[in-house]
Amino acid sequence: MALRKFVWHHVFKDLNRQYRFYSWKADMKKLRPMILKRIENRAKDYPIQAMIPVANDVLKARTFLIQGVSTLLKFFPIVTCKFCPEVYIGEEGHLIQTCHGFKCRAKNTTHEWINVVELCSQAGADITCQNLQVIAEGENNGAEEAESLSSTDLCSIANRTIRAWETLRNGVEKLLFVYPAKVCKYCSEVHVGPSGHKARLCGVFKFESFRGSHLWKKAEVDDLVPPRIVWRRRPQDPPVLLNEGRDFYGHAPAVVDLCTKGGAIAPSKYYCMMKVQGLSGPVL
């Protein structure tokens with residue numbers, strides 16, 4: 001009994017000490033200058049000089065990618081599903097039953113590209129209206145000159161576009177190692193910074209009444225530069241992909257598939273996904 005009283009006495013004594021410690025109220029007037037000074041000193045380390053060339057390369061690759069895709073779209077048609085965001089590069093859609101209806105609404109492509117621009121801006125790249133205006137002018141010029149391109153020129157544009165795609169993704173991956181970004185698990189909104197924001201509430205769909213807080217998690221390359229995987233028709237496949245052969249057909253990022261149709265050679269890391277040497281679907 002004496003031992004039990006001794007133990008409980010010291011346990012409650014320690015709890016009281018902890019309670020007094022955590023219930024202590026700090027004087028924010030004294031702490032505020034210290035916090036502001038710490039934030040100011042931390043800001044002096046950014047942008048990191050070694051990452052500025054990487055950010056500039058990402059912006060250049062983004063420009064080449066947009067211009068190249070805009071030109072290739074003049075030669076290779078793309079169809080989209082009316083009820084889901086799936087796309088297919090070809091004159092006709094496929095017959096593979098993968099439509100999910102209205103539950104999977106298309107993401108805003110403009111916002112996805114803006115996330116890359118914001119990341120490059122924080123990394124020290126030169127983000128000015130003049131630089132961004134060059135992209136729009138390049139798109140218009142590329143559309144006007146597309147009709148006069150030869151097959152050799154088209155292949156060159158396709159190769160430059162696929163190189164820009166790889167440079168863009170590799171550069172964003174490097175920047176994310178230094179400049180953290182967050183993505184919402186529910187609505188896929190991206191915030192470039194060490195922590196998420198509360199400026200806009202989360203709404204998975206516009207017609208839903210849910211407007212709760214974002215559930216932030218670490219952003220990856222696919223969150224800032226979505227690959228948009230599409231079905232890819234190989235030479236051994238039928239003219240229209242059938243649902244019965246869905247286990248045999250390959251996939252590829254939409255940009256990669258578009259560039260290969262223009263004559264570019266896909267990087268070897270996509271060969272497994274594309275099933276280049278795979279068997280065709282069953283003969284019906």
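In what order do the three strands of the open sheet lie? I looked this up in a predicted model. The order is S4-S3-S5, and the pairing is antiparallel.

**Entry: the sheet**

I checked the edges next. Strand S4 (190–192) and strand S5 (216–218) are the edge strands, each pairing on one side only. On average, neighbouring strands of this sheet are turned by 30 degrees against each other, direction ignored. I then went through the pairing of S3 with S5. Strand S3 covers residues 181–184, and three bridges join S3 to S5. I noted one partner pair: valine 183 has lysine 217 in S5 as its bridge partner.

**Entry: salt bridges**

I found five salt bridges in the structure. One of them pairs aspartate 222 with arginine 169, with 2.7 Å between the closest N and O atoms. This pair links distant parts of the chain, since aspartate 222 sits in helix H7 (residues 221–224) and arginine 169 in helix H6 (residues 151–178), 53 residues apart. I looked up the accessibility of both partners. Aspartate 222 is partly exposed at 38% relative accessible area, whereas arginine 169 counts as buried at 16%.

I turned to aspartate 257. Its salt bridge with arginine 232 has the closest N and O atoms 3.7 Å apart. Aspartate 257 lies in helix H8 and arginine 232 in strand S6 (residues 229–232), so the pair ties together parts that are 25 residues apart in sequence. Both aspartate 257 and arginine 232 are buried.

Aspartate 257 also meets lysine 261 in a salt bridge, at 2.8 Å from N to O. I placed lysine 261 and aspartate 257 both in helix H8, four residues apart, which is about one turn of the helix. Is lysine 261 buried or partly exposed? Lysine 261 counts as partly exposed because its relative accessibility is 31%, and buried means under 20%. Aspartate 257 has a relative accessible area of 1%, so I list aspartate 257 as buried. Salt bridges with shared partners join Arg232, Asp257 and Lys261 into one network.

**Entry: threonine 260**

I stayed in helix H8 (residues 254–261), where threonine 260 is found. Threonine 260 is buried, at 17% relative accessible area. Leaving out residues up to four places away in sequence, I found that threonine 260 touches Arg232 and Ala266. I also looked up the distance from threonine 260 to cysteine 155: 8.8 Å in space, C-alpha to C-alpha, at 105 residues apart in sequence.

**Entry: surface patch**

Last, I looked at a nonpolar patch on the surface, formed by Met28, Leu31, Met34 and Ile35, with about 380 Å² of accessible area together. Isoleucine 35 is in helix H2 (residues 28–43) and counts as partly exposed at 43% relative accessibility.

Key:
Residues are numbered from 1 along each chain as its sequence is written. This is a predicted model: local features need pLDDT of at least 70, side-chain atom pairs count only at pLDDT 80 or more; totals for chains, interfaces and linings use all residues. Side-chain values use heavy atoms; hydrogens and water are left out. Two strands pair if DSSP finds at least two bridges between them. Helices (H or I, at least four residues) and strands (E, at least two) are DSSP runs, numbered from the N terminus. Axes are lines fitted to C-alpha atoms, for helices over the stretch in contact, and angles run from 0 to 180 degrees between N-to-C directions. Patches are made of residues with over 30% relative accessible area and no salt bridge: like charges are joined within 9 Å, nonpolar side chains (Val, Leu, Ile, Met, Phe, Trp, Tyr) within 5 Å. Accessible areas come from the Shrake-Rupley method with a 1.4 Å probe; for residues, only the protein chains shown count as cover. A salt bridge is a side-chain nitrogen of Lys or Arg within 4 Å of a carboxyl oxygen of Asp or Glu. Buried means under 20% relative accessible area, exposed over 50%, partly exposed in between (1.4 Å probe, protein chains only). Contact means heavy atoms within 4.5 Å.
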